[in-house]
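Please open the model in your viewer and keep the selection panel at hand. The tour moves from one aromatic site to the next.

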Amino acid sequence: MIIGVVAFIAAIVVIYMLMVHFTPDFGGNISKERQDAYSVSENYRKGKFVNKKDVPKSNGFFGTLNIARKFLFTKVSNGRPEKALAYEKIDSIDVADYKGSSRLFWFGHSAFLLQTKKHSILIDPMFGEVAAPYSWLGDKRFNSQLPIEIEKIPQIDVVLISHDHYDHLDYGSIKLLKDKVKMFYVPLGVGAHLEAWGVDKDRIKELDWWDEVVYEDLNFVCTPAQHFSGRKVTDGQSTLWSSWVIKNNETNIFFSGDSGYGDHFKKIGEKYGPFDFAMLECGQYNEMWPDIHMFPEETVQAGLDVNTKIAMPIHWGAFKLALHDWRDPVERMVKKAEELDLKIRVPEIGAPIYISDEEVKDSFWWRDN
């Protein structure tokens with residue numbers, strides 16, 4: 001009996017190691033040289049990146065099993081749209097020739113194309129069908145097609161990555177994009193994944209929290225978030241997570257990445273605000289992980305903390321990664337924003353968002369699905 005159990009466990013370990021070795025989606029490994037370089041960071045302790053607060057708490061073996069059980073056996077009412085989400089098609093010629101004022105296109109979840117008069121920037125460009133290393137491990141994207149295919153996106157000046165989770169950093173997307181991207185700006189450690197996928201080292205710059213980098217007339221700041229990282233069972237917290245400030249002479253934009261609520265939003269607002277537009281995490285929350293994702297009411301407060309003119313809920317509208325109704329994030333944020341007098345935008349996927357246009361009112365499009 002004991003020999004059989006040991007053999008079963010050994011077989012599982014061998015299968016896992018083979019999967020990690022032969023599946024490129026898992027990404028790269030953090031070398032000893034990298035670990036030594038990261039040791040000077042205030043956010044790096046004992047070989048791991050950490051939050052300012054002692055979170056996330058370890059669930060332990062049985063806690064993890066309990067979460068897995070709930071995901072497998074809890075029936076979520078309206079967890080997905082009944083039909084594929086509608087979207088606006090993005091004209092590739094218009095994108096290639098654009099010289100107007102700053103605008104955004106949302107692809108669902110946390111993926112964006114930002115265009116200024118001179119530059120195109122992709123933010124967390126996850127264009128894959130499933131937020132997992134294997135298609136059978138997750139639900140498919142809510143919309144059956146994207147507003148624009150990766151192959152039709154023209155040359156990209158900068159790609160920003162917030163952290164290395166599958167719903168933000170996608171192997172398939174990077175492979176298709178990498179040869180037409182001039183620079184990748186990522187938190188510490190994330191460059192190891194890009195290098196493993198064939199991106200040249202000289203086109204990757206890793207940043208710590210509060211580090212700033214200038215790209216022509218654009219200023220990027222890697223700012224704090226309260227989250228975690230890891231693509232394999234064995235590499236938790238081996239890379240850093242972040243939010244981003246994007247600024248030029250025309251606009252000042254904030255992108256939260258994934259983050260639980262904390263005082264870092266206030267600090268970012270005081271140092272780099274006010275913002276013209278803020279994309280703020282609002283989705284995939286649960287009482288089992290309250291410190292690493294915001295509830296919608298906290299998202300509104302974060303918008304007030306960073307001092308933004310307009311806030312937009314993100315991290316929803318593409319994947320089912322939690323146990324809430326798929327409309328719950330936006331409905332709760334709309335309600336709380338009205339209470340606290342925060343102006344928000346909820347554009348349809350693929351619709352252009354002109355940052356300077358503060359008076360546009362979006363339809364309640366999600367209620368038709």
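What follows is a walk through aromatic pairs, a cluster and charges over rings.

This is a predicted model, in which local features need pLDDT of at least 70 and side-chain atom pairs count only at pLDDT 80 or more, while totals for chains, interfaces and linings use all residues. Residues are numbered from 1 along each chain as its sequence is written, and side-chain values use heavy atoms, with hydrogens and water left out.

A search of the whole structure finds 21 aromatic pairs (rings of Phe, Tyr and Trp, the last by its six-membered ring, with centres within 6.5 Å; planes under 30 degrees apart are stacked, over 60 edge-to-face, the rest tilted). Select Tyr 38 and Phe 49 to begin: their pair is tilted, with 5.6 Å centre to centre and 50 degrees between the planes. Both Tyr 38 and Phe 49 are buried, that is, under 20% relative accessible area with a 1.4 Å probe and protein chains only.

Next, select Phe 142 and Trp 326, an edge-to-face pair at 6.0 Å centre to centre with 80 degrees between the planes. Both Phe 142 and Trp 326 are buried. Now extend the selection to Trp 106, Trp 316, Phe 364, Trp 365 and Trp 366, which together with Phe 142 and Trp 326 form one aromatic cluster.

Finally, turn to the charges over rings (NZ of Lys or CZ of Arg within 6 Å of the ring centre and within 35 degrees of the ring normal). Select Tyr 98 to find Arg 103 over its face, 3.6 Å from the ring centre; then select Tyr 166, where the charged end of Arg 231 sits over the ring, 4.0 Å from its centre.

Definitions and conventions: Buried means under 20% relative accessible area, exposed over 50%, partly exposed in between (1.4 Å probe, protein chains only).
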